[in-house]
Amino acid sequence: MIRRSVAVVSAVLLVVVALAAGCATDRDAARSNSDTGPIAKATLTPAADDTNVNPTAAVSVTISDGVIDQVALTNAAGKQVRGELAPDKRGYTITEPLGYGATYTWSGTAVGTDGKPIPIDGSFRTLAPESTVPATLNIGDNQEVGIAAPIILRFKSAVANKAAVEKALTVTTDPPTEGGWAWFPDDNGSRLHWRPENYWTPGTSVHVSARLYGLDLGGGNYGDADLTTDFRIGRSQIVKANAPSHRMQVVRDGRTVFDFAVSYGEGNEPRNVTRSGIHVVTEKYEDFMMSNPPYYTNVRERWAVRISNNGEFIHANPESLSAQGSANVTNGCINLSPGDAQAYFPTALYGDPVEVTGTSIPLSAADGDLYDWTIDWNTWKTMSALQGAPSTVVSATPLPPQPAGAR
């Protein structure tokens, strides 16, 4: 009897202990579950506390095991940078370039698949260049130009990283046009020209994109801004200027529209000889003050069309009327009668070729900064920093320059 009671009591105690142990296990599990952190994770690109970030680099936040509830990237002034939320709300990407030498800060929250929120926070800093270099394109939007017009990109100071610059440039043409970039000697800054292998096809539409902002130009210098231009090639107009003939023809779309009596430059001094070679119309003035000491200074000339930076113009000159059509007596320019010069003047476009032949001195680099068509195509390609690889893009969709935004 006594032994059976003890056994019963022992069994009861075992049950109580087992129940107590079971209760403790459940409480520990519940406590363990309540202490588990959120499962969502935020990945920042660039990473928090990064420095020297390029302002055009990809900037984003990506959430794993969760979605974005709210997010913003702001500059030091508190202005929000534009961005785009992914359709699945798992990512957010900045859609505008940042500023140089600026600090940017993330703020916001994400919610994990477990329902628990996490903060989106962190800062980074963009690189601060020693200086930024502005650049300009020579042809403006919607401009119509002649068939020999070069595209000229000019920097305000020297560029060391020329290959990187060329890789950032595209020329998109319709119809397709083979052409290439060539670097010219520095002249108060670096410059490069793009021209087709042969004259442009009339009616060609051209888009130029220069992605220079954020570009390392070398020597601590970076690009100042992106540049674009859209322009059109006009009709074909070629000036045929054969000095021994003492005449000048204007050939438009294959038809001679003018045949003028003229006088070219000759004399015992080389500077007075009109240069032979393909010149390009660059500027024109109804009135222009010309000087060529010791022969003349500040003489007012009419209907002046510049064809070279060495001082060569096609212009009216009543004083050489008696020689026009019979002798070459000018100081380098192509002289016409006032009436003929006035008739030609409005037809001239930037980029029209003026093909001068029959003189004793060829056009060259010594005559200014626009002698592109005196350079044969094989030589031109060697003047590229990319070994002359063609740089025409014929199927790309032109992109607008990036806005300054919240920089």
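Predicted model: local features only at pLDDT ≥ 70, side-chain atom pairs only at ≥ 80, totals over all residues.
## The nonpolar cores

Let's start inside. The largest nonpolar core has 37 residues, and the ones that touch the most other members are Ile-151, Leu-153, Phe-155, Val-165 and Leu-212. Strand 12 gives the largest share, with four residues.

Setting aside residues up to four places away in sequence, Ile-151 touches Leu-137, Asn-138 and Ile-139, then Val-171 and Trp-181, then Leu-192, His-193, Trp-194 and Trp-200, and finally Val-206, Val-208 and Phe-231. Apart from this core there's another one, with 22 residues that include Val-262, Ile-307, Tyr-344 and Phe-345.

## Thr-126, a buried residue in a loop

Thr-126 sits in the loop between strand 8 (122-125) and strand 9 (131-133). Its relative accessibility is 2%, so Thr-126 counts as buried, the cut-off being under 20%.

What does the side chain of Thr-126 reach at 3.1 Å? That would be the backbone nitrogen of Gly-101. A polar atom of the Thr-126 side chain also lies 2.9 Å from the backbone nitrogen of Ala-102. Leaving out neighbours within four places in sequence, the contacts of Thr-126 are Asn-52, Val-53 and Pro-55, plus Leu-98, Gly-99, Tyr-100, Gly-101, Ala-102 and Tyr-104.

Five strands make up an open sheet with mixed pairing, and their order is 22-21-20-28-23. At the edges are strand 22 (255-261) and strand 23 (277-280), each of which pairs on one side only. From one strand to the next, the twist averages 20°.

Zoom in on strand 23 and you'll find it paired with strand 28 (residues 353-357) in the antiparallel sense, over four bridges. Within this pairing, His-279 stands opposite Val-354 in strand 28.

## Aromatic pairs

On to the rings. The model has 13 aromatic pairs. One of them is Tyr-104 with Phe-124: the ring centres are 5.9 Å apart and the planes are at 25°, so this pair is stacked, since planes under 30 degrees apart fall in that class. Tyr-104 is in strand 6 (residues 103-112) and Phe-124 is in strand 8, so the pair links distant parts of the chain, 20 residues apart. Both Tyr-104 and Phe-124 are buried.

Then there's Trp-303 with Phe-345. Here the centres are 5.3 Å apart and the planes are at 65°, so the pair is edge-to-face. Trp-303 belongs to strand 25 (residues 296-306), while Phe-345 is in the loop between helix 3 (338-344) and strand 28, so the pair ties together parts that are 42 residues apart in sequence. Trp-303 has 12% relative accessibility and therefore counts as buried; Phe-345, at 9%, counts as buried too. Phe-345 is also among the members of the 22-residue core.

Finally, there's an aromatic cluster to look at, formed by Tyr-100, Tyr-213 and Tyr-222.

Note on methods
Residues numbered from 1 in each chain as written. Heavy atoms only, no water. Core = buried A, V, L, I, M, F, W, Y, C linked by side-chain atoms within 4.5 Å. Buried < 20%, exposed > 50% of the residue type's maximum accessible area, 1.4 Å probe, protein only. Helix = DSSP H or I, 4+ residues; strand = E, 2+ residues; numbered from the N terminus. Contact = heavy atoms within 4.5 Å. Polar contact = N/O pair within 3.5 Å; in protein donor to acceptor, adjacent residues only side chain to side chain. Pairing = 2+ DSSP bridges. Axes fitted to C-alpha atoms, helices over the stretch in contact; angles between N-to-C directions. Phe/Tyr/Trp six-rings, centres within 6.5 Å; stacked < 30°, edge-to-face > 60°.
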